[in-house]
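Hi,

Here is the structure I promised to pass on.

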Amino acid sequence: MRVLELIGALVLTALGHLRGNAEEIGRGILLLGQSLRWLFRRPLRVHEIVRQLDFVGVQSTELILLTGIFTGMVLALQTHVALSRYAAQSLVGGMVGLSLTRELGPVLSALMVIGRAGSAMTAELGTMRNTQQIDALASMAVEPIQYLVVPRVVATTLIMPGLALLFEFAGMVGACLIFCTQLGGETAAFIASVRDYVSVQDLTHGLIKAVVFGFIIAAVSCTKGFYVTGGSRGVGTATTRAVVISSLLILGSDYVMTTLMFTSTS
């Protein structure tokens, strides 16, 4: 009987988790649907969108630049070690450029934005939910989704391609610096390799990824924060889950988009 009770408890626990996940997914879909509906209705919250562009984009500039520079430096060193086995050190620029534009630029910049801005979105909206500020907006005939969610989704989706470009530029500068000063290469050879191997299509595909990643960050962060329960502990739990889920979705969607974009053209 104890064995049967244990099996029954495990089954009920699993069903409870499945039900909770299904409810979260359903709330997220409903929230996104309402956000799209309110996106094209007046009044347009231009001021809020600009404020979120500043928070997500401008205030992330230093973090993106530093991360990009050090990523490019490490890429140059590792790529040089690998290519030197085949006497192809002159291809370092092209290989670094492909890595940054196709994958590392969009992915790493998105992960940085999750840690800095996505978590803050969840915590801010969760605190507003716990302190009943969202309910107060509704009581004043202000639609909370239009005022709080739509500007964050729009701003993050729009600014992520710019942050990815900034990351890639910083990475290329860092890689070129290491290639020319530490690895004994020449700037002209580095730039020529980039021109030979990196195409406009590589760049545009990476920017498309960045747009999708920005939407994922804002959608998950806002959903987790908008429906917070459980007080301050609930805010912390929601913030952690938002970061984890956003990161996993970005890595998973990156694989899917890479398969669709690059496998079909290779």
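Of the chain's 266 residues, 41% count as buried, where buried means under 20% relative accessible area, exposed means over 50% and partly exposed is in between (1.4 Å probe, protein chains only). Before you go further: this is a predicted model, in which local features need pLDDT of at least 70 and side-chain atom pairs count only at pLDDT 80 or more, while totals for chains, interfaces and linings use all residues. Residues are numbered from 1 along each chain as its sequence is written, and side-chain values use heavy atoms, with hydrogens and water left out.

The accessible surface of the chain is about 14100 Å², and carbon and sulfur atoms own 68% of that (Shrake-Rupley method, 1.4 Å probe; for residues, only the protein chains shown count as cover).

On the fold: there are nine helices and zero strands, so called because helices (H or I, at least four residues) and strands (E, at least two) are DSSP runs, numbered from the N terminus. In sequence order the pattern reads α-α-α-α-α-α-α-α-α. Among the chain's contacts between residues at least 6 apart in sequence, 85% join residues at least 24 apart (a contact is heavy atoms within 4.5 Å).

Now the salt bridges. I have six of them in the structure, each one a side-chain nitrogen of Lys or Arg within 4 Å of a carboxyl oxygen of Asp or Glu.

- Glu103 and Lys209 pair up at 2.6 Å, N to O. This pair links distant parts of the chain, with Glu103 in helix H4 (residues 92-130) and Lys209 in helix H8 (residues 200-226), 106 residues apart. Lys209 is buried at 0% relative accessibility, whereas Glu103 is partly exposed at 23%.
- Arg152 and Glu124 meet at 3.0 Å, N to O. Here too distant parts of the chain are linked: Arg152 belongs to helix H6 (residues 144-181) and Glu124 to H4, 28 residues apart. Arg152 is buried, with a relative accessibility of 1%, and Glu124 is partly exposed at 34%.
- Arg129 and Asp135 are joined at 3.5 Å, N to O. Both ends are partly exposed, Arg129 at 21% and Asp135 at 40%. Elsewhere, salt bridges with shared partners tie Glu103, Lys209 and Asp254 into one network.

How do H2 and H4 pack, and at what angle? Helix H2 (residues 46-56) and H4 have axes 10 Å apart and an angle of about 135 degrees, with axes taken as lines fitted to C-alpha atoms, for helices over the stretch in contact, and angles running from 0 to 180 degrees between N-to-C directions. That makes H2 oblique to H4, because angles under 35 degrees count as roughly parallel, over 145 as roughly antiparallel, 65 to 115 as roughly perpendicular and the rest as oblique.

From H2, Arg51, Phe55 and Val56 touch Val113, Arg116, Ala117, Ala120, Met121 and Glu124 of H4. That contact is made of six nonpolar, no polar and three charged residues (Ala, Val, Leu, Ile, Met, Phe, Trp, Tyr, Cys and Pro count as nonpolar, Asp, Glu, Lys and Arg as charged, and the others, Gly among them, as polar).

One backbone detail to finish: Gln132 has phi near 65 degrees, a positive value in a residue other than glycine. Gln132 sits in the loop between H4 and helix H5 (133-139) and is exposed, at 53% relative accessibility.

Cheers
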